[in-house]
Amino acid sequence: MEQNIPHQLIIRNKNGVYLTSMLAKSDEEMQLLIQDANAQLIILIDHIIIFNKQSIKLHDYKQLLKEIQFTNLQNIHLTESKQNLLIIEKIDQQQFQLQVFKFPSLEQKAINFNFKTFKRETWPILKFSSDDQYYFIILNQKLHCYDDNKCIYQTDIGNCEYFSVQPNTAKPLVVCYSLMDFNIKESFLKIVDINGKVKYEKKLHQTSDLEVIWSPNGQSLLINKGFHEDNTNKSYFGQNQVLFYDFAKNALRELPTYEGPIHHIQWSPSSKEFILLSGFMPSGAVMYDNTCKPLFEFGKDHKNKIIWGNGRFVMICGFGNLDGSIHVWDAKTLKQVSTNKYKSASLCNWSPCSRYYICAKVTPRMNVDNQYSVFDYNGKELMNRKFMELYDVQFRPSNIKFEERPPTPTKQPPQEPPKKQFVAFADNPLAQQMRALKAGEGARVLQVNETFGKQQNNNYPPGYEPPKEKKKRVRKPKQQQ
């Protein structure tokens with residue numbers, strides 16, 4: 001284990017919010033920041049934002065800097081540049097007010113919008129570009145773009161009420177989309193450029209759920225669409241499909257995935273590759289490059305969560321109703337580093353250096369046995385602490401630039417001679433498959449034209465399946481007697 005570990009933890013339990021070192025063993029080593037167990041947190045390097053329905057408090061881990069009171073605060077959002085804080089407050093039964101504050105001074109800016117209704121699914125209603133030069137908002141079925149409080153365009157987007165702004169781009173694109181419900185019978189997707197021109201428009205077939213997934217550098221775009229019903233009656237979870245937007249061809253194309261639900265998609269911090277978990281259990285974890293070419297499969301196992309570290313280590317986990325298994329891989333060498341298991345985990349996060357990770361069981365998901373454990377990347381438990389009620393635990397971000405290092409070689413124990421196995425059991429195909437899954441085997445390099453057992457047909461638009469071929473009935477010739 002490395003010495004002088006600089007990492008700190010933010011812990012929220014029934015007594016309040018605390019700051020402590022990663023390996024602290026007792027409550028005496030915990031520093032109380034604020035005595036508010038119901039507060040929500042936004043954790044930054046030098047500040048922590050603590051908010052509830054009545055107030056927003058800014059703390060610098062030493063003292064309370066500023067506090068703003070509200071009547072009925074609904075939600076807040078800190079922009080990507082960490083320079084603007086968006087808040088929405090319920091004024092009365094028929095009015096919500098959106099305000100923007102400078103951060104960290106918390107001085108109010110001259111940006112205010114009033115709404116009659118507020119849907120939490122659309123938050124944040126107002127979105128800034130990465131450099132905060134532009135901000136966007138949908139009003140009266142039109143996308144409005146502002147530059148220094150001056151509206152530079154208004155583009156008609158129909159019934160689209162959701163949108164996403166391209167990150168890390170000076171002149172960002174905006175992806176607008178609508179979802180099917182009782183009032184909206186058709187779903188559309190539109191991509192608008194900085195001049196207000198609709199660059200791409202597509203009608204999406206059977207879409208009741210959609211997730212826009214930008215790469216961290218903003219140069220690649222994935223769209224995970226789903227429908228709550230499955231016409232083939234193969235899946236309880238409905239139908240899923242992942243689409244890739246080709247910037248050069250200005251077109252959408254479908255990604256090859258395993259048949260079944262899409263469990264999780266996560267880009268690497270470098271934006272050079274991403275991992276997609278798809279298929280019926282045991283699901284397949286596949287790495288693609290930024291042009292959506294399949295590169296490597298991590299084997300099929302009962303997994304539903306992907307957590308990237310600093311770009312080298314990645315966790316592929318089975319949480320929720322699965323067994324809590326954690327497989328750590330080296331994304332550079334494509335070799336498995338360690339395996340671990342943490343049943344009933346509510347959350348799991350990497351440390352800033354990605355050499356450690358924390359797993360926790362928190363309320364309200366688990367009302368008993370609340371605790372957290374700190375592990376190194378080899379799966380060795382370094383610390384375990386139990387609480388009567390634990391609500392949240394996170395690593396405090398660090399301004400230290402950690403080097404990306406490969407795994408430290410470990411001493412291999414002396415190998416024992418292999419034990420003789422019963423021949424009938426060893427030759428059983430099912431037994432061989434189970435042993436391969438248990439040992440983390442089954443990983444393989446993929447071909448460029450990998451179809452994952454499905455027949456791809458590019459003549460049909462995204463969301464449509466080719467019609468099933470009818471079997472022709474062939475009459476047998478009558479035999480002459």
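The legends below describe close-up views of a predicted model. Local features are reported at pLDDT of at least 70 and side-chain atom pairs only at pLDDT 80 or more, whereas totals for chains, interfaces and linings use all residues. Residues are numbered from 1 along each chain as its sequence is written, and side-chain values use heavy atoms, with hydrogens and water left out.

**View A. An open sheet of four strands in the order E16-E17-E18-E19, with antiparallel pairing.** Strands are DSSP runs (E, at least two residues) numbered from the N terminus, and two of them pair if DSSP finds at least two bridges between them. Strand E16 (162–165) and strand E19 (198–204) each have a single partner strand and stand at the edges, so one side of each is left without a neighbour in the sheet. From one strand to the next the twist averages 15°, with axes taken as lines fitted to C-alpha atoms and angles running from 0 to 180 degrees between N-to-C directions. Strand E17 (residues 174–177) is joined to strand E18 (residues 187–192) by four bridges in the antiparallel sense, and tyrosine 177 stands opposite leucine 189 in E18.

View B. Lysine 361 counts as buried at 13% relative accessibility (buried means under 20% relative accessible area, exposed over 50%, partly exposed in between, with a 1.4 Å probe and protein chains only). Its side chain makes a polar contact of 3.4 Å with the side chain of aspartate 369, where such a contact is a pair of N or O atoms within 3.5 Å, one able to donate a hydrogen and the other to accept it, and residues adjacent in sequence count only if both atoms are side-chain atoms. Beyond its neighbours within four places in sequence, the residues in contact with lysine 361 include Tyr342, Met366, Gln371 and Leu390 (contact means heavy atoms within 4.5 Å).

**View C. The salt bridge between glutamate 161 and lysine 119.** The structure holds seven salt bridges, each defined as a side-chain nitrogen of Lys or Arg within 4 Å of a carboxyl oxygen of Asp or Glu. In this one the closest N and O atoms are 3.3 Å apart. Glutamate 161 lies in the loop between strand E15 (150–156) and E16, and lysine 119 in the loop between strand E11 (108–115) and strand E12 (127–128), so the pair ties together parts 42 residues apart in sequence. Glutamate 161 is partly exposed at 28%, as is lysine 119 at 35%.

**View D. The salt bridge between arginine 312 and aspartate 330.** The N to O distance is 3.2 Å. Arginine 312 is buried at 12% relative accessibility, and aspartate 330 is buried at 2%.
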